[in-house]
Amino acid sequence: MGEQEEEVEILLSIYDGDENFKQLSPAKFTYKMCDDSDETKHFVVEISWPEEYPHCSPSVSADVFFNRHLSPATKSKIETSILNQAEENLGIPMTFTLIEWIKESASDLMADNQPPPNSIRAAVAEVTSELANATIGTKKKEKLTKAQKRRRAENLGEKPRGWDWVDIVKHLSKTGGKQDQS
């Protein structure tokens, strides 16, 4: 068993049941950092192993959709800090060490984050206001009771469903709906 397969097995056993840890492929993992006190402090780190891993640094990325509330400077700071930590651990399996270091350093990594001006909250507020304005101008469909629908149908001259069924039954009884087998 190679070093990578062994590390995958160890990571899966350590983070079993941890909703924040995900294995995307045999050599690609994500971990979601959560700060219960502030939603803007959440971020996801993606760690990918090249073939030479652990003898070279893994690829680290904070450029995932979940991190759209982070400024580019903060994303860069997260990536470079993790890569600097990885350089210290070259030659040994380090993904667990990196994730634990990120957990400990998450508040420091997010300290200078200034969300981009078009953050998600602003976009959501804009969309909800547009939807509110759009629904004001729409005409609601009139809801009628069964009795109101029945009266309306009578006034329009429409006949209710099944009004001629008796005539059909009479016709079939006179014409003999069945073929005589004589």
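Good morning. In helix H1, the residues Gln4, Glu7, Val8 and Leu11 are buried, where buried means under 20% relative accessible area, exposed over 50%, and partly exposed in between, with a 1.4 Å probe and protein chains only. They cover an arc of only 105° around the axis, which puts them on the same side of H1; the arc is that of the directions from the helix axis to the C-beta atoms.

A word on the source. This is a predicted model, in which local features need pLDDT of at least 70 and side-chain atom pairs count only at pLDDT 80 or more, while totals for chains, interfaces and linings use all residues. Residues are numbered from 1 along each chain as its sequence is written, and side-chain values use heavy atoms, with hydrogens and water left out.

Helices (H or I, at least four residues) and strands (E, at least two) are DSSP runs, numbered from the N terminus. What does the face of H1 turned away from its buried side carry? That face holds the exposed residues Glu9 and Ser13. The buried residues of H1, for their part, pack against E1, E2 and H3, contact meaning heavy atoms within 4.5 Å.

I turn to helix H3. Its residues 95-109 number 15, yet the end C-alpha atoms are only 18 Å apart, short of the 21 Å that a straight helix would reach at 1.5 Å a residue. The expected span is 1.5 Å times one less than the number of residues. Where does H3 bend? The bend is at Lys103 and amounts to about 45°, taken as the angle between axes fitted to the seven residues ending there and the seven starting there. Among the buried residues of H3 are Leu98, Trp101 and Leu109, and the cover over the buried residues of this helix includes H1, E1, E2, strand E3 (43-48) and helix H2 (72-88).

Finally, the aromatic rings. The whole structure contains 6 aromatic pairs; rings of Phe, Tyr and Trp (its six-membered ring) pair if their centres lie within 6.5 Å, and planes under 30 degrees apart count as stacked, over 60 as edge-to-face and the rest as tilted. The ring centres of Tyr15 and Tyr31 are 5.6 Å apart and the planes stand at 55°, so this pair is tilted. Phe21 and Phe29 form a stacked pair, 5.7 Å centre to centre with 20° between the planes, and both are buried. Ring pairs link Tyr15, Phe21, Phe29, Tyr31, Trp49, Tyr53 and Phe96 into a cluster. Thank you.
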